[in-house]
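Biologist: Before we look at the model together, could you take me through how its features should be read?

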Amino acid sequence: MRTLKQFVKNEIVLCVAFILATISCFIIVPSKTYLEYIDFRTLSILFSLMITMAGFQKLSVFRQIGEALVNRTKTLRGLVIILVLLSFFSSMFITNDVALLTFVPFSIITLSIANKKDKYIIVIVLETLAANLGSMLTPLGNPQNLYLYSLSNMGLWSFVKLMLPYSLCSLILLLISVEFFIGKEEGKLAKTQANIYQRRKKDKLLIAMYVILFLLSILVVSRVLPYYIGLIIVIITVILFDNRVLRKPDYSLLFTFIFLFIFIGNIKRIPVLSDFLSEIIKVNEVEVAILLSQFISNVPAAILCSGFTKNIVKLIIGTNLGGLGTLIASMASLISFKQYSYIDGADTKRYILVFTVLNIIYLASLYMLHVIFLGN
């Protein structure tokens with residue numbers, strides 16, 4: 001019973017998606033039509049990227065890059081800028097959750113050695129903001145982008161151009177925040193001891209393999225290569241050369257997508273509900289996506305809203321901005337919160353307060369940018 005409770009607590013979105021899908025199955029009898037609900041392209045690309053990123057993480061590639069950059073800094077301000085920029089730019093390619101899984105624990109260790117434990121909360125919150133904001137620039141950055149990009153039939157550059165103004169504004173806000181919260185700190189920074197990565201020939205070959213698989217995934221995302229061919233190549237390659245990494249991907253996210261696809265597909269076949277949701281969503285895609293994300297997170301919001309409007313561009317904007325706000329608006333934010341909560345003496349109430357206030361400020365700023373300058 002305790003194990004079940006822990007599973008539900010850790011995978012609440014998955015459980016809710018499963019319950020909703022199950023209930024909808026009693027209304028719309030399961031049939032072959034269910035297969036038409038599922039976006040196999042998105043699931044295939046997502047799984048391929050998960051495997052590739054898990055391989056890089058296993059080999060400590062991202063951590064090694066982070067350590068090399070951090071150990072060049074001499075001040076706390078310089079350290080925080082690097083940590084925030086690492087989260088911001090890396091999330092564009094390795095996803096926001098992988099960026100936070102990599103750099104938040106690393107930041108905690110670094111700040112502890114530097115005797116700056118009082119900066120845990122603000123640094124982790126800024127890193128979380130950076131990961132969620134940086135990830136919105138590319139289809140690779142987060143799951144809802146990947147899904148909506150597949151639906152939109154946009155080119156890769158068109159997607160980047162759409163989100164570029166929001167990303168640039170976000171970067172400016174992040175640098176201002178670092179200056180405001182950290183800029184006045186003086187004194188030299190105690191150095192962390194750099195790890196020595198003595199890689200065997202096999203490890204170097206594996207890193208090269210994962211670089212090739214990542215480039216292959218980009219070709220699939222860019223629609224140069226069919227998704228099923230990319231998936232087959234990734235799976236076969238990993239089975240042959242590094243099969244243990246197949247234990248690492250977040251399979252619960254894949255099942256969450258499947259259950260939500262089933263639920264939305266069934267809802268669309270119920271005229272009363274379908275017409276009601278369509279009327280609400282198609283008039284205010286951005287605002288509805290932002291609002292829904294605050295309560296169900298932006299991935300389910302993207303899947304739900306996409307079933308009732310053809311204006312995918314506005315959903316891309318709305319679900320990306322919707323990742324700001326509450327702690328559950330982006331599930332990646334929970335990764336940082338959990339990492340912080342493991343620290344002895346963690347003040348989780350203060351963390352949530354700082355996180356929420358800053359997220360609301362950033363959300364309001366970016367929404368104003370959208371309404372005043374970019375909204376159509």
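This is a predicted model: local features need pLDDT of at least 70, side-chain atom pairs count only at pLDDT 80 or more; totals for chains, interfaces and linings use all residues.

Biologist: What describes a pair of aromatic rings?

Modeller: In general, the distance of the centres and the angle of the planes describe such a pair. In this structure the count comes to 16 aromatic pairs, and one of them is formed by Tyr-149 and Phe-159, whose centres are 5.8 Å apart and whose planes stand at 85 degrees, an edge-to-face arrangement. That pair links distant parts of the chain, since Tyr-149 belongs to helix H9 (residues 143-152) and Phe-159 to helix H10 (residues 156-182), ten residues apart.

Biologist: Are Tyr-149 and Phe-159 buried or exposed?

Modeller: Both Tyr-149 and Phe-159 are buried. The ring of Tyr-149 also has the charged end of Arg-223 sitting over it, 4.6 Å from the ring centre.

Biologist: How is the pair of Phe-180 and Phe-181 arranged, and how exposed is Phe-180?

Modeller: Phe-180 and Phe-181 are again edge-to-face, with 5.0 Å between centres and 90 degrees between planes. Phe-180 counts as exposed because its relative accessibility is 64%, over the 50% cut-off, whereas Phe-181, at 32%, counts as partly exposed. Elsewhere, ring pairs link Phe-337, Tyr-340, Tyr-351 and Phe-355 into a cluster.

Biologist: At what angle do the axes of helix H6 and H10 cross?

Modeller: The axes of H6 (residues 76-94) and H10 come within 10 Å and cross at roughly 155 degrees. Angles over 145 degrees count as roughly antiparallel, and therefore H6 is described as roughly antiparallel to H10. The crossing of H6 past H10 is right-handed. Among the residues that make the contact are Val-80, Val-84 and Phe-88 of H6, and Leu-171, Leu-174 and Val-178 of H10.

Biologist: Where does Asn-153 lie, and what is its phi?

Modeller: Asn-153 lies in the loop between H9 and H10, and Asn-153 has a positive phi of about 60 degrees although it is not a glycine. With a relative accessibility of 63%, Asn-153 counts as exposed.

Key:
Residues are numbered from 1 along each chain as its sequence is written. Side-chain values use heavy atoms; hydrogens and water are left out. Rings of Phe, Tyr and Trp (its six-membered ring) pair if their centres lie within 6.5 Å; planes under 30 degrees apart count as stacked, over 60 as edge-to-face and the rest as tilted. Helices (H or I, at least four residues) and strands (E, at least two) are DSSP runs, numbered from the N terminus. Buried means under 20% relative accessible area, exposed over 50%, partly exposed in between (1.4 Å probe, protein chains only). A charge sits over a ring if NZ of Lys or CZ of Arg is within 6 Å of the ring centre and within 35 degrees of the ring normal. Axes are lines fitted to C-alpha atoms, for helices over the stretch in contact, and angles run from 0 to 180 degrees between N-to-C directions. Angles under 35 degrees count as roughly parallel, over 145 as roughly antiparallel, 65 to 115 as roughly perpendicular and the rest as oblique. A crossing is left-handed if the near helix is turned anticlockwise from the far one by less than a right angle, and right-handed if clockwise. Contact means heavy atoms within 4.5 Å.
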